[in-house]
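Work through the exercises below with the model open. Each task is followed by a solution in steps.

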Amino acid sequence: MATDYDAPRKQEEESPADSLEALQASRGGNAQTAVIDVDENDTAEGIDLPGADLSNEELTVIVVPEQSDEFTCSSCFLVRHRSQVAREKNGMKYCRDCEG
């Protein structure tokens, strides 16, 4: 069915049932409360606060070497796909973001 989006829209009068009090009264005792799923094993130790001392923490990151179809931009030093090369000058490659 085709819809004419240019046609004037009908202004519906606000009915008394749309008021906040009427909606609350219609729900009555069936009010729903939000349930938060909390993991029992999750403690405050898993939360890092800003400025916390993380000098004893060890970070495990797997570093993947640059692939044959990638290059490192000489301006922003991000590893990009070779399709992002905008300019190459004196053996240094620059990405589209830095040249744009």
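**Exercise 1. Fold outline**

Task: State how many helices and strands the protein chain has, and give their order.

Solution. The model is a predicted one. The protein chain holds two helices and four strands. Read from the N terminus, these elements follow the order α-β-β-β-β-α.

**Exercise 2. Burial and contacts**

Task: What percentage of the residues is buried, and what share of the contacts comes from residues 24 or more positions apart?

Solution. Step one takes the cut-off: a residue is buried when its relative accessible area is under 20%. Of the 100 residues in the protein chain, 5% are buried. Step two turns to contacts with a separation of 6 or more; residues 24 or more positions apart account for 4% of these.

**Exercise 3. Salt bridges**

Solution. The cut-off is a side-chain nitrogen of Lys or Arg within 4 Å of a carboxyl oxygen of Asp or Glu.

- Aspartate 97 and arginine 80 form a salt bridge with an N to O distance of 3.0 Å. This pair joins distant parts of the chain, with aspartate 97 in helix H2 (residues 96-99) and arginine 80 in strand E2 (residues 79-81), 17 residues apart. Aspartate 97 has a relative accessible area of 54% and is therefore exposed. Arginine 80 has 17%, so this residue is buried.
- Glutamate 99 bridges to arginine 87, and their closest N and O atoms are 3.1 Å apart. Here too distant parts of the chain are linked: glutamate 99 belongs to helix H2 and arginine 87 to strand E3 (residues 85-89), 12 residues apart. Glutamate 99 is partly exposed at 35% relative accessibility, and arginine 87 is partly exposed at 32%.

**Exercise 4. Rings**

Task: How many aromatic pairs does the whole structure contain, and over the face of which residue does arginine 87 lie?

Solution. The search of the whole structure finds zero aromatic pairs. Arginine 87 lies over the face of tyrosine 94, 4.6 Å from the ring centre. Arginine 87 is also the salt-bridge partner of glutamate 99.

**Exercise 5. A nonpolar patch**

Task: Which residues make the nonpolar surface patch of about 370 Å², and is valine 61 buried or exposed?

Solution. The patch is made by Leu59, Val61 and Val63. Valine 61 sits in the loop between helix H1 (20-27) and strand E1 (70-72). Its relative accessible area is 57%, so valine 61 is exposed.

Technical notes:
Residues are numbered from 1 along each chain as its sequence is written. This is a predicted model: local features need pLDDT of at least 70, side-chain atom pairs count only at pLDDT 80 or more; totals for chains, interfaces and linings use all residues. Side-chain values use heavy atoms; hydrogens and water are left out. Buried means under 20% relative accessible area, exposed over 50%, partly exposed in between (1.4 Å probe, protein chains only). Contact means heavy atoms within 4.5 Å. Rings of Phe, Tyr and Trp (its six-membered ring) pair if their centres lie within 6.5 Å; planes under 30 degrees apart count as stacked, over 60 as edge-to-face and the rest as tilted. A charge sits over a ring if NZ of Lys or CZ of Arg is within 6 Å of the ring centre and within 35 degrees of the ring normal. Patches are made of residues with over 30% relative accessible area and no salt bridge: like charges are joined within 9 Å, nonpolar side chains (Val, Leu, Ile, Met, Phe, Trp, Tyr) within 5 Å. Accessible areas come from the Shrake-Rupley method with a 1.4 Å probe; for residues, only the protein chains shown count as cover.
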